[in-house]
Amino acid sequence: MASSAKLEVSQPSRAAVPVKKVHYPFWFGGSASCFAAAVTHPLDLVKVRLQTRGPGAPTTMLGTFGHVIKSDGILGLYRGLSAALLRQITYSTTRFGIYEELKSRFTSPDAPASTLTLVGMACTSGFLGGIAGNPADVMNVRMQSDAALPVEQRRNYRHAFHGLVQMTRHEGPASLFRGVWPNSTRAVLMTASQLASYDTFKRLCIDRFGMSDNLGTHFTASFLAGFVATTVCSPVDVIKTRVMSASPAESRGHSIVGLLRDITRKEGFAWAFRGWVPSFIRLGPHTIATFIFLEEHKKLYRLLKGVSEEKHTA
């Protein structure tokens, strides 16, 4: 009888194991995004070429792939990679880092954040990330679209830092923040629809469908997040690309509203989803790769810190 009483007393103490909150390094999101960008860069380049194509250029994704390879070789698919990596180091490190920091400070295992709270955190971090990453984003768009321009109009930046210097010297420091408002708006929409939806879909997979916190869950949640992000961000992405790739002469005297009016008059409202398929084909894998790399970063970090997989909160 005494032994059974002891057993009854000891069971609650074993069951009430506290869940440990893990504080991850700020740079994890940027690192994961760099790995993902290296994998998906050719798809991003094709998306930009389609959004900025001129008369006579291929109108399909496969046609654009073939045109790039024929004109510039296989390495042409990686034109602007240095700018893409610089963009992830600035933009993604900022938005992921601030988002994870806010989650760490204002959520707990016992009181997980609502979807609306996650969206608010993501909007804040996305806006700051868009400003931080704008110069590299301008470089990324310009270097990817450069080969599609006539020879006499090409900028011929050797790498991202050379491009930043040339832009500052010839167009002034303000050129580094060309398109910052559509870019920041896109960053807000992207971060809210990508990060917040990933956390929401991941929680649904685990809590509602009984899935484990494993690779299958990460893949499912990130695939759905990529679909949501592509659809939400498509109109702003097209505007951002047009503004950033424009020459000083083309952009002079044209406001965002004027640009919208001109595009709608020439192309109808279909412009809002121009390049959606290559955007999703690029952003889907990029989102999947980013979150899988990020989850592996976290898993390795917990292993090094000796945190049990059952006793942590993301």
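Guide: Accessible areas come from the Shrake-Rupley method with a 1.4 Å probe, and for residues only the protein chains shown count as cover. By that method the protein exposes about 15,600 Å², of which carbon and sulfur atoms supply 66%. This is a predicted model, in which local features need pLDDT of at least 70 and side-chain atom pairs count only at pLDDT 80 or more, while totals for chains, interfaces and linings use all residues. Residues are numbered from 1 along each chain as its sequence is written, and side-chain values use heavy atoms, with hydrogens and water left out.

The secondary structure comes to 11 helices and two strands, taken as DSSP runs numbered from the N terminus (helices H or I, at least four residues; strands E, at least two).

Now to the rings: those of Phe, Tyr and Trp (its six-membered ring) pair if their centres lie within 6.5 Å, and planes under 30 degrees apart count as stacked, over 60 as edge-to-face and the rest as tilted. A search of the whole structure finds 13 aromatic pairs. In one of them, the rings of F227 and F280 have centres 5.7 Å apart and planes at 80°, so the pair is edge-to-face. Because F227 lies in helix 8 (residues 215–245) and F280 in helix 11 (residues 276–305), the pair ties together parts that are 53 residues apart in sequence.

Buried means under 20% relative accessible area, exposed over 50%, and partly exposed in between (1.4 Å probe, protein chains only). F227, at 42% relative accessibility, therefore counts as partly exposed, whereas F280, at 16%, counts as buried. Both rings belong to one aromatic cluster, formed by F219, F223, F227, W276 and F280.
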